[in-house]
Amino acid sequence: MNPRLDQPLRLGTRRSKLAMSQSGHVAEAVRAVTGRPVELVEITTYGDVSREHLAQIGGTGVFVTALREALLRGEVDFAVHSLKDLPTAQPDDLVIAAMPQREDARDALVARDGLTFEQLPDGARIGTGSPRRTAQLNHLALALGKRIETVPIRGNVDTRIGFVRNGELDAVVLAAAGLNRIGRGDEATDLLSVDSVLPAPGQGALAVECLASDAGLIAALGELDDPYTRAAVTAERSLLAALEAGCSAPVGAFADLLADGQIVNEMRLRGVVGTLDGSTLVQLSTTGPVPQSYDEAMALGRELADEMLAKGAAGLMGERSL
């Protein structure tokens, strides 16, 4: 059955300002490739209403399950997720039809008085709800010969930055992509290099998901897919899965493309696991040809995970308490 071209496609999205903004960008792109109107359907997830810290409620899937249930019930036609929130195991009846071109994957510091991370005073209080950031920020501070105090926080961008504006914290760390998507990238006082702080697997990327049985919609959404983003994120998530870690574990991963002139010919995958106090990190990388298939990207991630486990990564991930 061919849907009428004037019949709106229903896009399921979380209600936050950031989620609405990134879903709005996807909606515009889908309108352009399908010629059909797209309406946003706001859905509240468990992660949105729970006041617990992500490390305590498990992290994995808390922002995703309600959207997926709405898809399976036929209440929406497709959904947009932040890829770093997505569990690594993919349900058989759903498919990620597109991973659009990735935004900036780095972490951003928003600090008082325009300070960079290096300029923060000894003992600075930094807000983050992420064990991954906690481990690497503490490690970076130790490398700079100072101590920081990481303070667990939750909430939307306004809430988090508000802790700095009202003097409660010296700084907070957020995803640069999120700030950029809501037009607030200029509020970052420092962008943390991936050489110092590896992002979460999939950070800065979006997943556009629909029913595996909807071949027509899969083909249309596929127009938005960026193959390089898909290869990089697949390798990062494969590493996470092979470490048997969820998105609340202190695991960072980043795959970037290495070019010889104009020709992209290799992909470098870096991974890190660390103790929360930053005293011990296992950080390794591997470089290989740009994966040409899902299986090749998965193999790259598994290979690096095996090396990290051989170096003692599993023991570091056991340190989950905040």
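The model on your screen is predicted, and the chain averages a pLDDT of 89, with 90% of the residues scoring at least 70.

**Stop 1: a stretch to treat with care**

Start by selecting residues 53-60. Here pLDDT stays under 50, and the model has 22 contacts for this stretch beyond four places in sequence. Where pLDDT is low, the predicted coordinates should not be read in detail. Have a quick look, then move on.

**Stop 2**

Now select helix H9, residues 227-242, together with helix H10, residues 294-310. Their axes come within 7 Å and cross at roughly 40°. Angles between 35 and 65 degrees count as oblique, so H9 and H10 are oblique to each other. To see who makes the contact, show side chains on H9, including Ala231, Thr234 and Leu239, and on H10, including Tyr294, Gly301 and Met308.

**Stop 2: the largest nonpolar core**

Stay in this region and select Leu239, Leu243, Val251, Met267, Val273 and Met308. These residues have the most contacts inside the largest nonpolar core, which has 22 residues. Which elements give two or more residues to this core? They are H9, S11, strand S12 (263-274), strand S13 (281-289), H10 and helix H11 (313-317). The largest share, five residues, comes from H9. Another core, of 16 residues, lies apart from this one; Leu9, Ala27, Phe78 and Ala97 are among its members.

**Stop 4**

Select glutamate 244, in the loop between H9 and strand S11 (251-260). Is glutamate 244 buried or exposed? Its relative accessible area is 72%, over the 50% cut-off, so glutamate 244 is exposed.

**Stop 3: valine 38 and its neighbours**

Next, pick valine 38 in strand S2, residues 38-42. With a relative accessible area of 8%, which is under 20%, valine 38 is buried. Beyond residues up to four places away in sequence, valine 38 touches Leu9, Leu11, Ala27, Val30, Arg31 and Phe78. Leu9, Ala27 and Phe78 are among the residues of the 16-residue core.

**Stop 4: helix H4**

Select residues 65-72, helix H4, where Ala66, Leu67, Arg68, Ala70 and Leu71 are buried. What covers the buried residues of H4? The cover includes strands S1 (9-13), S3 (78-82), S4 (94-98) and S10 (206-211). Just after H4, look for glycine 74, which takes a positive phi of about 80°.

**Stop 7**

Arginine 106 is in the loop between S4 and S5. At 29% relative accessibility, arginine 106 counts as partly exposed. Show leucine 191 as well: the pair is 85 residues apart in sequence and 6.7 Å apart in space, C-alpha to C-alpha. Leu191 is one of the residues that arginine 106 touches, and others include Ala175, Ser193 and Gln203.

Finish at aspartate 113, in the loop between strand S5 (107-111) and strand S6 (124-127). Its phi is near 60°, a positive value in a residue other than glycine. Aspartate 113 is exposed, with a relative accessible area of 64%.

Technical notes: Residues are numbered from 1 along each chain as its sequence is written. Side-chain values use heavy atoms; hydrogens and water are left out. pLDDT is the predictor's confidence in each residue, from 0 to 100. Contact means heavy atoms within 4.5 Å. Helices (H or I, at least four residues) and strands (E, at least two) are DSSP runs, numbered from the N terminus. Buried means under 20% relative accessible area, exposed over 50%, partly exposed in between (1.4 Å probe, protein chains only). A nonpolar core is a set of buried Ala, Val, Leu, Ile, Met, Phe, Trp, Tyr and Cys residues joined through side-chain atoms within 4.5 Å. Axes are lines fitted to C-alpha atoms, for helices over the stretch in contact, and angles run from 0 to 180 degrees between N-to-C directions. Angles under 35 degrees count as roughly parallel, over 145 as roughly antiparallel, 65 to 115 as roughly perpendicular and the rest as oblique.
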